[in-house]
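Subject: Handover of a structure

Dear colleague,

Please find below the structure that I am handing over to you.

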Amino acid sequence: MVRSKLGQTLQQNVRENSSLYLFTIVLFIMGVGFGAVVVNSLGLTQKQELFMYVSQFFHELKSDNITDPLRSFQNSLGHYLKYVGFMWILGLSIIGLPLILLMVFLKGVVVGFTVGFLVNQLQWKGLYFAIVSVLPQNLLVIPAIIIVATAGISFSLHLVQSRFLKRGGALYPRFLVYSALILIMGGIVTVAAALEAFVSPALMKHASATLLKFIIIII
């Protein structure tokens, strides 16, 4: 029953805001592309410094000298919940709309830069590592952020219509739907944080041995 209502809420939200979803997705993709372009604009010294950090991280993975999974889960969960919560707050105000757009774009930049840098430095091996380290949690985090952002933009636009155009209907029911979506996405990013803390490290450790050999060769 609960699962059915949650599914209906999401489906209704997607139908009502299909154009906003498309805009938000395109904005995120633009951020990914911009992040990938930034990699190519880095100087040689900057790339070498970043590459040294990556190499050190691989060594720590191989020697199991990484953060305790439970602590990592708490840190990741705190980060994701703050991100989602802040976007929810921004959606409750008219002036928060451009900041929501900026957060979506920056999330894309981070993903694009991370994947782009690994591929730039380690070729297909870097792509493999990006898949096992970035993909698992982001399969949940990215859709959650897009849904939260779109819901926030929609609610903010309804605020504009209500206050300045005197139309758009009652805000309270929309506020309840908006807040319900945030709670659902909070549950999803909780699962994502668990993947990042307990699953991704094991996948990365499996990949790090091969990558260390490759790093030694190119160094």
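This is a predicted model: local features need pLDDT of at least 70, side-chain atom pairs count only at pLDDT 80 or more; totals for chains, interfaces and linings use all residues.

Residues are numbered from 1 along each chain as its sequence is written, and side-chain values use heavy atoms, with hydrogens and water left out.

Overall fold

The protein has six helices and zero strands; helices (H or I, at least four residues) and strands (E, at least two) are DSSP runs, numbered from the N terminus. Of its 219 residues, 41% count as buried, where buried means under 20% relative accessible area, exposed over 50%, and partly exposed in between (1.4 Å probe, protein chains only). The accessible surface is about 12400 Å², and carbon and sulfur atoms account for 70% of that area; accessible areas come from the Shrake-Rupley method with a 1.4 Å probe, and for residues only the protein chains shown count as cover. Among contacts (heavy atoms within 4.5 Å) between residues at least 6 apart in sequence, 84% join residues at least 24 apart.

Annotated regions

The unreviewed UniProt entry places the feature "transmembrane region" at residues 20-42, 86-119, 126-155 and 175-195. UniProt positions are given in the numbering used here, feature names are shortened, and annotations may be inferred rather than shown by experiment. In the model, residues 20-42 are 96% helix and 0% strand, with end C-alpha atoms 33 Å apart. Residues 126-155 are 100% helix and 0% strand, and their end C-alpha atoms lie 40 Å apart.

Asn17 sits in the loop between helix 1 (2-16) and helix 2. Asn17 has a relative accessible area of 7% and is therefore buried. Its side chain forms a polar contact of 3.0 Å with that of Ser154. A polar contact is a pair of N or O atoms within 3.5 Å; within protein, one must be able to donate a hydrogen and the other to accept it, and residues adjacent in sequence count only if both atoms are side-chain atoms. Thr150, in helix 5 (residues 97-164), is buried because its relative accessibility is 0%. Leaving out residues up to four places away in sequence, Thr150 touches Asn17, Leu20, Tyr21 and Thr24.

Gly33 belongs to helix 2 (residues 18-41) and is partly exposed, at 34% relative accessible area. Its C-alpha atom is 7.8 Å from that of Gly108, 75 residues away along the chain. Ile29, also in helix 2, is exposed, with a relative accessible area of 52%. The C-alpha atoms of Ile29 and Gly108 are 6.3 Å apart, although 79 residues separate them along the chain.

The largest pocket

On a 1 Å grid over the protein atoms alone, a pocket is an open set of points where a 1.4 Å probe fits, with protein on both sides within 12 Å along at least five of seven lines; lining residues have an atom within 4 Å of a point. The largest pocket has a volume of about 680 Å³, grid points being joined across faces, edges and corners, and a volume being the space filled by probe spheres set on the points. Of its 23 lining residues, Val110, Thr114, Val134, Gln137 and Glu196 lie nearest the centre. Helix 3 (44-62), helix 4 (69-91), helix 5 and helix 6 (171-218) each give two or more residues to this lining. Helix 5 provides the largest share, 14 residues.

Yours sincerely
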